[in-house]
Amino acid sequence: MSAAGASASEVQASYGTRWRVVAFALIPTALLLAVVGSAVAAGALAVSFASASGTVSLRTAGLNAEDFAVAVASVSVADVEGGSSEVPHARIGVGPARINGLCLAHQTSMLGLAVTLLIEGGDSDPSTFEIRADALTLDVRDVRAEIGAGGEVQVNKNGGDVAVAALGGSLDPTARSFGLQASTARLSDINAIVRNIAIPDLLSVPNFRITVAPGSRTC
Amino acid sequence: MRACRALLCALAAAALVATAVGPSRLAGAVTGAPTATPAGFLPAPIPVTVTAPTLRIRDLVAVLVDQPIALAGGGRSPGGPPSAGGTVLLGFARIDLDRARIAQSRAGEFTLAITNAAAADRAAVIGGVGGEVELWGVVNTLDICLPASTLRDLVLRNLGDAAARRIVAGLLADGADSKAPPCTAAKPLLPALAALIRQGGKLPALVRARDLDIEVYALRANAGSGALSLSLPAGRLLVTPR
């Protein structure tokens, strides 16, 4: 139909608000904002990312750090009945550190739909450790990696005495439990199930991006 | 002249103090001198259980029995001979552990396990060539694999301790060289090894062993010169509630 042949009301409508188009654009944006907003509210995304429930998987090609410490810590985890319980995790803390690429996938649900919040950063060059991760802390349940620790390594150090100067001291562990302390660490091909991650400078990560993907996705 | 003599005396005294303080903490352990934290840190009160079906120890330079150490919370690791579950201090340069598992369990709380599901050139490695590893632990099981002829040579050449000599001789008498098992339970042999090394005897640079199960109260490793002190090529850290 040509414009010349259109009725006056149809011509008027073509200059009005196209609600279908607006809705098409608005809903994903609103969804993204809601998810990011809730993440910010939950743990201030710029500082940390915490998952009270659900699963966060982490993948990175490598981590090089000075001051590396591991201790056992209790982490509050939401249960299906709306309550919470303390669940033991390994708390990893590092001093000055660099990461080679980063991907976090948080599988959750929005309005009853399964969605995955993907947080990614870094470049595609496997030889560069382009992300600063000084004073990184992680609460993890399961980590697979090629693990190397250098300098003085202390195994079964009292958890309460394990300390990282950049974190202001102790990792706040479970009393009198396992601790590991090393002068340096070099981890490669890291895959982890994470409860909490705190990178003080997360938003300054190069190529930082957040996407919301439908369904359950992994990095 | 008198001033020079005084200076020389002062320098000699300083040198004596420096040499007494400088060497490894092993020196204190050998002489029985008490050290508050011989590992350089206060260990957790619960040991980690380290297991490996096969392993290789390089440059085993110290075996000291009855070496309890202080633990967090005010306790101490067990004393007494290895046969009675006493703490042993092992000093070596490097250990390669095939399919290693390092785990700590707290009843009703958690099990933390660090594993390396690989062997040979992808085995877990603690320490390094020229490095220093010190381990305080209670040996549950460990079979060391030394040729009987090597053991006999070591006994004849180096072992002056009559009691230890009897233990080793007894082990050797269990079978002729050709029939002797390649691996021998190390637990009853540890006092003999301790005496052997104390007498200046040396084991082969590489000692093969198997069936390691040891409760480790403290382990410190330093491979030195920028090398990795702990390497887990196929590493996994897993925490599970109990």
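How many salt bridges does the count come to over all chains? The count is twelve. This is a predicted model, so I will keep to what was computed from it.

Let me begin with a bridge between the chains. B:Arg220 and A:Glu152 meet through their side chains in a salt bridge, with 2.9 Å from N to O. The pair crosses from strand E10 of chain B, residues 206-222, where B:Arg220 sits, to strand E8 of chain A, residues 137-155, where A:Glu152 sits. B:Arg220 counts as buried because its relative accessibility is 4%, and the cut-off for buried is under 20%.

Next, two bridges inside chain B. B:Arg56 and B:Asp98 form a salt bridge through their side chains, at 2.8 Å from N to O. This pair links distant parts of the chain, 42 residues apart. B:Arg56 is in strand E1, residues 48-58 of chain B, and B:Asp98 is in the loop between strand E4 (94-97) and strand E5 (100-106) of chain B. Both B:Arg56 and B:Asp98 are buried.

In the other one, B:Asp96 pairs with B:Arg94, and the closest N and O atoms are 2.7 Å apart. Are the two partners buried or partly exposed? B:Asp96 has 4% relative accessibility, so it counts as buried. B:Arg94 has 22%, so it counts as partly exposed. There is also a network: A:Glu152, B:Glu132, B:Glu134 and B:Arg220 are joined into one by salt bridges that share partners.

Now the interface. On the contact count, 33 residues of chain A are in contact with 39 residues of chain B. About 2,900 Å² is buried between chain A and chain B, and carbon and sulfur atoms give 58% of that. Which three residues supply more than any other three of the area that chain A buries against chain B? They are A:Ile147, A:Asn156 and A:Arg176, which supply 20% of that area.

Two salt bridges are counted between chain A and chain B. One of the bridges in the model joins B:Arg236 to A:Asp142, with the closest N and O atoms 2.6 Å apart. On the side of chain A that touches chain B, the elements giving two or more residues are strand E2 (55-78), strand E3 (84-94), E8 and strand E11 (179-198) of chain A. E8(A) gives the most, with 15 residues. By class, that side of chain A has 15 nonpolar, nine polar and nine charged residues.

On to the disulfides. A search of the whole structure finds two over all chains. In chain A, A:Cys103 and A:Cys219 form a disulfide with their sulfur atoms 2.1 Å apart. The link is left-handed, with -85° about the S-S bond. A:Cys103 lies in strand E5 of chain A (residues 102-110) and A:Cys219 in the segment after strand E12 (209-214) of chain A, so the pair ties together parts that are 116 residues apart in sequence. A:Cys103 is buried, at a relative accessible area of 9%, whereas A:Cys219 is partly exposed, at 30%.

In chain B, a disulfide joins B:Cys145 to B:Cys183, S to S 2.0 Å. The link of B:Cys145 and B:Cys183 is right-handed, with 95° about the S-S bond. B:Cys145 is in strand E8 of chain B (residues 132-145), and B:Cys183 is in the loop between helix H4 (162-173) and strand E9 (184-185) of chain B, 38 residues apart. B:Cys145 and B:Cys183 are both buried.

Two local items in chain B to finish. B:Thr111 lies in strand E6, residues 110-116 of chain B. Why does B:Thr111 count as buried? Because its relative accessibility is 12%. Its side chain makes a polar contact with the side chain of B:Ser105, at 2.9 Å. Leaving out residues up to four places away in sequence, B:Thr111 touches several residues, including B:Arg101, B:Gln104, B:Leu238 and B:Arg242.

The last item is helix H5 of chain B, residues 190-198, which is mostly covered, with seven of its nine residues buried. Among them are B:Leu190, B:Leu193, B:Ala194 and B:Ile197. H5(B) is followed by B:Gly200, whose phi is positive, near 95°.

Terms used: Residues numbered from 1 in each chain as written. Chains lettered and ligands numbered in written order. Predicted model: local features only at pLDDT ≥ 70, side-chain atom pairs only at ≥ 80, totals over all residues. Heavy atoms only, no water. Salt bridge = Lys/Arg side-chain N within 4 Å of Asp/Glu carboxyl O. Helix = DSSP H or I, 4+ residues; strand = E, 2+ residues; numbered from the N terminus. Buried < 20%, exposed > 50% of the residue type's maximum accessible area, 1.4 Å probe, protein only. Polar contact = N/O pair within 3.5 Å; in protein donor to acceptor, adjacent residues only side chain to side chain. Contact = heavy atoms within 4.5 Å. Disulfide = S-S within 2.5 Å. Buried area = accessible area lost by both parts, 1.4 Å probe. Nonpolar A, V, L, I, M, F, W, Y, C, P; charged D, E, K, R; others polar.
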